[in-house]
Amino acid sequence: MLALRIDGFGLDRIALAEVDAPVPAEGQVLLRVRAASLNFRDVLVARGDYNRQYPLPLTLGSDAACVIESFGPGTDPGSFRVGDRVSPALAQGWRDGPPLRDTVRHTLGGPLPGVFAEYALSRVDALVPIPSSLSDVEAACLPCAAVTAYSALAVWSRLAAGESLLSLGSGGVSAFAIQLGKQLGARVIATTTKPEKAARLEALGAEVVTIDGPGWGRKVRAHVGGEGVDHVMEVGGAGTLGESLQAVRPGGTVSLVGVLAAGEALAPSLTPVIMRNIRIQGVFVGHQRAFHELAAHLEEHPLSPAIDRVFPLREARDALQHLISGQHVGKVCLTVA
Ligand SMILES: NC(=O)c1ccc[n+]([C@@H]2O[C@H](COP(=O)([O-])OP(=O)(O)OC[C@H]3O[C@@H](n4cnc5c(N)ncnc54)[C@H](OP(=O)(O)O)[C@@H]3O)[C@@H](O)[C@H]2O)c1
């Protein structure tokens with residue numbers, strides 16, 4: 001089968017390879033991958049910025065829409081059948097509750113083999129049925145980006161109708177944060193460093209504030225008026241946190257999700273966190289209950305994920321370059337057929 005792998009760390013070590021299809025063991029299923037989606041995580045894993053202990057060669061990719069091809073010997077299929085449309089959860093061992101060190105370690109696309117391939121493995125108890133309203137490409141956007149946004153807004157915090165949400169940038173997690181935030185009845189403000197993206201963010205339901213240098217946290221606060229936003233979806237990390245702390249209201253929540261601006265780290269002052277009782281909540285993707293809850297939510301409240309471009313698996317390296325270019329709004333996807 002065809003698989004997108006690294007045999008060493010570095011973007012130049014990403015290559016398509018013909019490899020043997022994996023064989024499911026007891027408790028596992030063999031999945032035929034129909035579509036997949038890229039996350040910034042794939043870039044971090046390939047560069048070796050995520051964890052240099054990951055075993056090599058490694059098939060990249062954590063998000064896919066699949067059909068069940070077969071069950072490993074002795075596997076209890078539960079409610080699943082061959083041919084069912086499913087997505088494997090990224091954190092294969094995290095069922096529910098707080099993240100334990102061991103349960104968040106077993107993730108697809110590093111250290112476990114990923115899904116940018118014609119076939120992939122998953123634990124049967126880590127499968128989530130695909131909402132009927134979603135196409136394969138749309139469903140492939142859920143496991144990392146959408147589950148992360150949902151966990152931040154509906155599991156580890158409760159974004160309420162009438163509250164305000166600031167979502168940074170226009171990537172996969174942020175686009176879902178905008179769409180889910182609107183569905184939850186919030187007022188959503190999105191920042192972007194690229195004014196040409198404003199119309200596409202507005203089409204998702206956001207009010208757009210363009211970032212044109214330092215001071216944008218106060219600009220956002222002035223935009224919403226009052227004390228600031230109730231909630232921030234923080235995808236930049238150290239390089240943007242100081243501004244986010246200026247935008248959030250006293251007692252508000254910052255969901256710390258990403259590290260896109262880690263290289264611009266300016267050691268933000270944490271004094272506002274104390275002086276204004278701000279809650280900083282780290283969010284690692286989500287447990288499988290969150291994914292099931294999200295799927296049920298989408299059955300009742302369908303949305304069309306923001307899909308920027310779709311590439312065939314054979315052009316996966318171009319797809320990664322497109323993601324790295326930062327030109328996208330929402331998700332960059334792969335079809336695998
Ligand atoms: N905690 C978790 O479980 C989890 C799950 C998923 C993702 N993540 C992390 O969350 C982050 C976002 O992931 P993603 O897959 O959504 O990324 P992505 O699709 O690659 O998002 C890129 C977008 O973020 C914005 N951006 C980039 N650098 C920025 C900066 N320095 N300051 C402000 N905005 C910046 C840009 O938007 P504009 O062009 O509009 O400015 C860019 O287009 C990554 O760090 C990723 O590792 C974490």
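User: Which residues of helix H6 (residues 216–224) are buried?

Analyst: This is a predicted model in which local features need pLDDT of at least 70, side-chain atom pairs count only at pLDDT 80 or more, and totals for chains, interfaces and linings use all residues. Residues are numbered from 1 along each chain as its sequence is written. Helices (H or I, at least four residues) and strands (E, at least two) are DSSP runs, numbered from the N terminus. With buried meaning that 20 or more other C-beta atoms, placed from the backbone, lie within 10 Å of the residue's own, the buried residues in H6 are Trp216, Gly217 and Val220.

User: Within what arc do the buried residues of H6 fall?

Analyst: The arc is taken from the directions from the helix axis to the C-beta atoms. The buried residues of H6 line one face of the helix, because they fall within an arc of 110°.

User: Which helix do the buried residues of H6 pack against?

Analyst: Contact requires C-beta atoms, placed from the backbone, within 7 Å. The partners include strand S9 (164–168) and strand S12 (229–234). The helix among the partners is H7.

User: Which residue with a positive phi follows H6?

Analyst: The phi of this residue is near 75°. The residue is Gly225.

User: Between which domains does the shell around the ligand lie, and why?

Analyst: Domain bounds come from an automatic or database domain assignment. Both domains give residues to the shell, so it lies between domain 1 (2–144 + 286–335) and domain 2 (157–282).

Note on methods. A residue is buried if 20 or more other C-beta atoms lie within 10 Å of its own, exposed if 12 or fewer, and partly exposed in between; C-beta atoms are placed from the backbone. Two residues are in contact if their C-beta atoms, placed from the backbone, lie within 7 Å.
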